[in-house]
Amino acid sequence: MFNADTFIEQTTKKLASDIRGKALIAFSGGVDSTVCAALVHKAIGNRLIAVHVDTGYMRKNESNHVKKMMEDLRLNFLFIDASNEYYSALKGIEDPEKKRKIIGEKFIRVFEKTAIEEHIDYLVQGTIAPDWIESGGELRDTIKSHHNVGGLPKDMKLKLVEPLHDLYKDEVRKIARALKLNVSERQPFPGPGLAIRIIGEATPERTMIVREACNIVETEIECAVQKGLMELPWQYFAVLLPVKTVGVHGDQRVYGYTIAIRAVQSVDAMTCNYSYIPHEVLDVISTKITNTLKEKVNRVVYDITNKPPGTVEWE
Amino acid sequence: MILRISLLVLLNGNNGMVKIFVVDNGGQWTHREWRTLRDLDVETSIVPNTTKLQDLLDAKIDGLVLSGGAPRIGRDGTLGNCAEYLEKATFPILGICAGHQFMGRFFGGDVKPSKIPEFGKVQLILLCSDDPLFEKVPKKSIVWESHNDEVTKLPKNFLLLAGSENCKIQAIHHKKKPFYGLQFHPEVEHTEYGEQIFKNFVQLCEQ
C-alpha cells in the first residue's frame, strides 16, 4: 500500500541530490503543484522559485488565493499576468486539442523567459499519472493532450522534474495531508483552466460568463454539502455551450447561451460517475445562473454522463 | 517510465513474495493494474509487450497481466509478443479487455466488433459459482467496461465464467492452463469486486 511518509522521505532525498542549482516550479495553486512545491522546497529550499501564470482563464478570486498560498508556503515566487497574450493566442481557435497545445506551449515560453532571467535549469511540474496516460503516445491513444505533457514543445531546453509522475490524485492528497497543506481537499482544476470549459472559441466575454457560472455552481454545491443535502463531489463546475436557445425574460424574447452543470464522484479520475445532486439544489443553481447572467444565459442543463464513456471536463 | 516505476517498487518496500508483471498493450488503465497489484503488496512492474518471454522468465515472475489497449483485436491480429507468452508460459496469465480478446482469438475463438459496445457501468452475471478467480464475488455485481470488440465464439478448451446483457463472453478460463480472460475491467475503482478479483488472481499466482 502507498505510504505518504515513506514517499516524502525518499523523494525529498532524491530531489536534493538530483537538482543542482535553481529550479522553477509551475505553480497553479492546485493540489498537485502545491504538494510538488512543498516537496521540492523541503529538498532545495530557496533555490526553488514558484511561478504562477495568470492565463486569464482562472476561476473567480483565484489570483488572490494563489498569492496567499505562495506566501503561506514561504516560497520565493513570481506572479505573471499573461492574460492578454493567452486571449490573443486563442482568438479564433475552436478545436480542443489546438487550445490545449497552444496553452501548453505558452506556459513553457513564459517559464523559459523566467528561467533565462533567473539562470534556472530545471522545470518542476506536478504531473500525475492520468496526465501522461491520457496524453497518449506510442501504443496509447491520445484522449486529450494535458498541457504539461502533450502540450510541451519539442524544443524545450529546461530539464523536467516530475516527482508525482506515478501517483494518482488520492495518493497526492495523502501526501498533502501528511505535509499538513490546506490545499489537500481542493477540487481539481485543469491547467488550461476555463478555456476548456468553453466549447468553441474561448473569448474574454465567454470566459467572464463561465467564470461566474462556475462560481455559482461551486458556491451552491458547497453550501448544500454543508447543509448535509449531498456528498461533496470530486469535481464540480459549469461548462459554457455555444448553443443559443430561446427564452423569455419579463415578457421579452431572449436568445442566449446554454450552461451545463458537471459534477462527478471519483477516487483517481480514471473512472467517474456523475453526482446525484438533489433537485432542490439543481433548482437553486439554475435560477441563480440565469438570473445573474441574464440575457447571456437562459438555459441550464445537467450532465449525467459517466467516465467512460465521457471524460470529466468536456474538452 | 519503466525506470521510474521500478524506483517506486523499491520505495514501497515490497517483500518479494509474489511477482506479477503487467504487459502494456497501450491501455488507459494499464497503470491502474500496476497500482492495484502494488496496493496488494505484490512486486510489480509495467513492461512493454515487446518484452521477450525469456526476459520474463529470467525475472522469475509468478504471473502476468495482459493489459487492454487501443488496438482493435476484432480487426487486427497482433499484440507484441503476447502470442509467445500464451503459447509457452506455465505461470498464470490474466488477459484484460484487448488482452482477453487476444487470448480468445489465440486459442481459436472469434473476436468481432461488438453489436452493442459497452462503456461504463454494466451488470456482470456469474455463470459458474466455484471458480477460484471469482471467490467471494456475488452472482450479480457491477463492473465497468470500455470496449468496441468482444469474443463472440468461445475458444476450444475454455470455460465460460460470466456474461452481461449485451456481451455474452465476459470471463473465460482455460480448462488445462491457469489462463483467464476478462472483458470488463477489474482494475478500476468503480468495479465493485475488482480488488477481490485481483486478490484471487494473486493467490493463484502464489500457488
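Modeller: Two strands count as paired if DSSP finds at least two bridges between them. This is a predicted model, in which local features need pLDDT of at least 70 and side-chain atom pairs count only at pLDDT 80 or more, while totals for chains, interfaces and linings use all residues. Residues are numbered from 1 along each chain as its sequence is written, with chains lettered from A and ligands numbered from 1 in the order in which they are written.

Colleague: What joins strand β1 of chain A to β2(A)?

Modeller: 4 bridges join β1(A) (residues 23–26) to β2(A), and the two run parallel. Ile25(A) stands opposite Ala50(A) of β2(A).

Colleague: How many bridges join β2(A) to strand β3 of chain A?

Modeller: There are 6 bridges between β2(A) and β3(A) (residues 76–81), again in a parallel pair. Here His52(A) stands opposite Phe79(A).

Colleague: Why is β2(A) called largely enclosed?

Modeller: A residue is buried if 20 or more other C-beta atoms lie within 10 Å of its own. In β2(A) (residues 48–54), 5 of the 7 residues are buried, so the rest of the structure largely encloses this strand.

Colleague: Which elements make up the β-α-β units containing β2(A)?

Modeller: β1(A), helix α2(A) (residues 31–44) and β2(A) make a right-handed one. β2(A), helix α3(A) (residues 62–72) and β3(A) make a right-handed unit as well.

Colleague: Why are α1(A) and α2(A) called oblique to each other?

Modeller: Helix α1(A) (residues 4–18) packs on α2(A) at an angle of about 55°, with the axes 8 Å apart. Angles under 35 degrees count as roughly parallel, over 145 as roughly antiparallel, 65 to 115 as roughly perpendicular and the rest as oblique. The two helices are therefore oblique. Residues making the contact include Ile8(A) and Leu15(A) of α1(A) and Leu39(A) and Ala43(A) of α2(A).

Notes. Buried ≥ 20, exposed ≤ 12 C-beta atoms within 10 Å, placed from the backbone. Right-handed = clockwise from strand over helix to strand, strands pointing away. Axes fitted to C-alpha atoms, helices over the stretch in contact; angles between N-to-C directions. Contact = placed C-beta atoms within 7 Å.
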